[in-house]
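I opened the structure file today to record how its parts are arranged. My entries follow in the order in which I looked things up.

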Amino acid sequence: MAQFHDIINLPWLIHNHPSGDPTPSNADIQMTKTIIDVAKPLGIEVHDHIIVGKDGHASLRGLRLI
């Protein structure tokens, strides 16, 4: 588990859903997993992928999708 000072140095993926629904799509999940797989051999750990919607947000890590 990363310490807080380490987490702020990890990349975060963030984007919005114009529909307003922050629920991750299958494409969001697959793209995130691909980025994680590509980044890992480079020593880069993606901390989270946040999707912003009209009434809130979704965290792929919080939803245990990554």
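Entry 1, strand pairing. I looked up the partner of strand 1 (residues 12-16) and found that it pairs with strand 2 (residues 48-53) in the parallel sense, over five bridges. Two strands count as paired if DSSP finds at least two bridges between them. Helices (H or I, at least four residues) and strands (E, at least two) are DSSP runs, numbered from the N terminus. Within this pair, I noted that Ile 14 stands opposite Ile 50 in strand 2.

I am working with a predicted model, in which local features need pLDDT of at least 70, side-chain atom pairs count only at pLDDT 80 or more, and totals for chains, interfaces and linings use all residues. Residues are numbered from 1 along each chain as its sequence is written, and side-chain values use heavy atoms, with hydrogens and water left out.

Entry 3, the sheet. I next checked strand 2 against strand 3 and found antiparallel pairing over four bridges. Here Gly 53 stands opposite Gly 56 in strand 3. The three strands form an open sheet in the order 1-2-3, with mixed pairing. Strand 1 and strand 3 (56-59) are at the edges with a single partner strand each, so one side of each has no neighbour in the sheet. From one strand to the next, the twist averages 20° (axes are lines fitted to C-alpha atoms, for helices over the stretch in contact, and angles run from 0 to 180 degrees between N-to-C directions).

Which elements make a β-α-β unit with helix 2 (residues 26-39)? I found that strand 1 and strand 2 do, and that the unit is right-handed: with the strands pointing away from the viewer, the path from the first strand over the helix to the second runs clockwise. Helix 2 lies across strand 1 and strand 2, and runs at about 150° to strand 2.

Is His 17 buried or exposed? I found His 17 in the loop between strand 1 and helix 2, and it is buried, with a relative accessible area of 14%. Buried means under 20% relative accessible area, exposed over 50%, and partly exposed in between (1.4 Å probe, protein chains only). Leaving out residues up to four places away in sequence, His 17 touches several residues, including Pro 22, Asp 28 and Ile 51; contact means heavy atoms within 4.5 Å.

I recorded two helices and three strands, running α-β-α-β-β from the N terminus on. Of the 66 residues, 32% count as buried.
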